[in-house]
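Dear colleague,

Please find the structure below, handed over for your study. The findings follow after it, and I would ask you to read them with the model open beside you.

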Amino acid sequence: MLLTAFAAIRRGEREKHRNLMLTNLGVSIVFLVCYVLQVSTVGHKSFPGDDWVRVVFLTILTTHTILAVCLVPLVLRTFFLAIRQRFTEHRRIARITFPIWLYVSVTGVVIYWMVNHLRPYA
Ligand code: HEM
C-alpha cells in the first residue's frame, strides 16, 4: 500500500496518494493496538539459539525498533504538512519518512516470520 501510494504521487494522482496514505496510517494504528494487546496478554517471545541466525535476527530487530520509534514523529509531521498544504516541506520530509516506513513495515513481517516460523520458540 505504501508503494502504491508512492507510485500514485509520482503519476500526479494526489487524491489517490492522500487516500492510500490515510489508509496506511489507519492500518498502522490498528496494528499498534493489536501489538500492545498481544504483548500485554501473551508477553514477549525470545529468539532461541546462539548462532549467526540470532545475530541477524537481533540486528534486524534493533534497527526495526529504533526506526519504528523515530517513525512516529516523522509520520505525524509528514501528515501535518500535507494537511496544511505545505507541500514543498511535505515532499522534503516525506522523502525521509517514506523509506523508513517501508523498512519498518518489511522488517516487521520478517521478524514475525523469524519468530513464528523460522525458529518457533518451543
Ligand atoms: C505519512 C504520510 C505520507 C507520506 C510518507 C507521503 C509521501 C510522499 C512522498 C515521498 C512524496 C514525494 C514524491 C516525489 O518524490 O515526487 C509526496 C508528495 C506529495 N504528497 Fe505525500 N505522503 C504522505 C501523506 C500525504 C497526504 C495525507 C497528502 C494529502 C493531504 C499528501 C499529498 C502529497 C502531495 C500533494 C505531494 C506532491 C508535492 C509536490 O510535488 O509538491 N501526502 N508524498
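**Overall architecture**

The chain contains 4 helices and 0 strands. Please bear in mind that this is a predicted model. Read from the N terminus, the elements follow the order α-α-α-α. Taken along the principal axes, the C-alpha atoms of the chain fill a box of roughly 50 × 30 × 20 Å.

The chain is divided into two parts, domain 1 (1–43) and domain 2 (45–122). The centres of domain 1 and domain 2, taken over C-alpha atoms, are separated by 13 Å.

**How the helices pack**

Two packed helices are described by the angle between their axes and the distance between the axes. Both values are given below for two pairs.

For H1 and H2, the axes come within 8 Å and cross at roughly 160°. An angle over 145 degrees counts as roughly antiparallel, and H1 and H2 are therefore roughly antiparallel to each other. The crossing in which H1 passes H2 is left-handed. On the H1 side, the residues in this contact are Leu2, Thr4, Ala5, Ala8 and Ile9; they meet Arg14, Lys16, His17, Leu20, Met21 and Asn24 of H2. Sorted by class, the contact of H1 with H2 comprises 6 nonpolar, 3 polar and 2 charged residues.

For H3 and H4, the axes are 7 Å apart and the packing angle is about 145°. The crossing of H3 and H4 is left-handed. By class, 21 nonpolar, 6 polar and 2 charged residues make up the contact of H3 with H4.

**The surroundings of the ligand**

Which residues come nearest to the ligand? Of the 22 residues around the ligand, these are Arg18, Met21, Thr78, Ala82 and Ala94. The elements that give two or more residues to this shell are helix H1 (2–10), helix H2 (14–41), helix H3 (52–83) and helix H4 (87–118). The largest share of the shell, 9 residues, is provided by H4. In terms of class, the shell around the ligand divides into 12 nonpolar, 5 polar and 5 charged residues.

With kind regards

Notes
Residues are numbered from 1 along each chain as its sequence is written. This is a predicted model: local features need pLDDT of at least 70, side-chain atom pairs count only at pLDDT 80 or more; totals for chains, interfaces and linings use all residues. A residue is near a molecule or strand if its C-beta atom, placed from the backbone, lies within 6 Å of it. Ala, Val, Leu, Ile, Met, Phe, Trp, Tyr, Cys and Pro count as nonpolar, Asp, Glu, Lys and Arg as charged, and the others, Gly among them, as polar. Axes are lines fitted to C-alpha atoms, for helices over the stretch in contact, and angles run from 0 to 180 degrees between N-to-C directions. Angles under 35 degrees count as roughly parallel, over 145 as roughly antiparallel, 65 to 115 as roughly perpendicular and the rest as oblique. A crossing is left-handed if the near helix is turned anticlockwise from the far one by less than a right angle, and right-handed if clockwise. Two residues are in contact if their C-beta atoms, placed from the backbone, lie within 7 Å. Domain bounds come from an automatic or database domain assignment.
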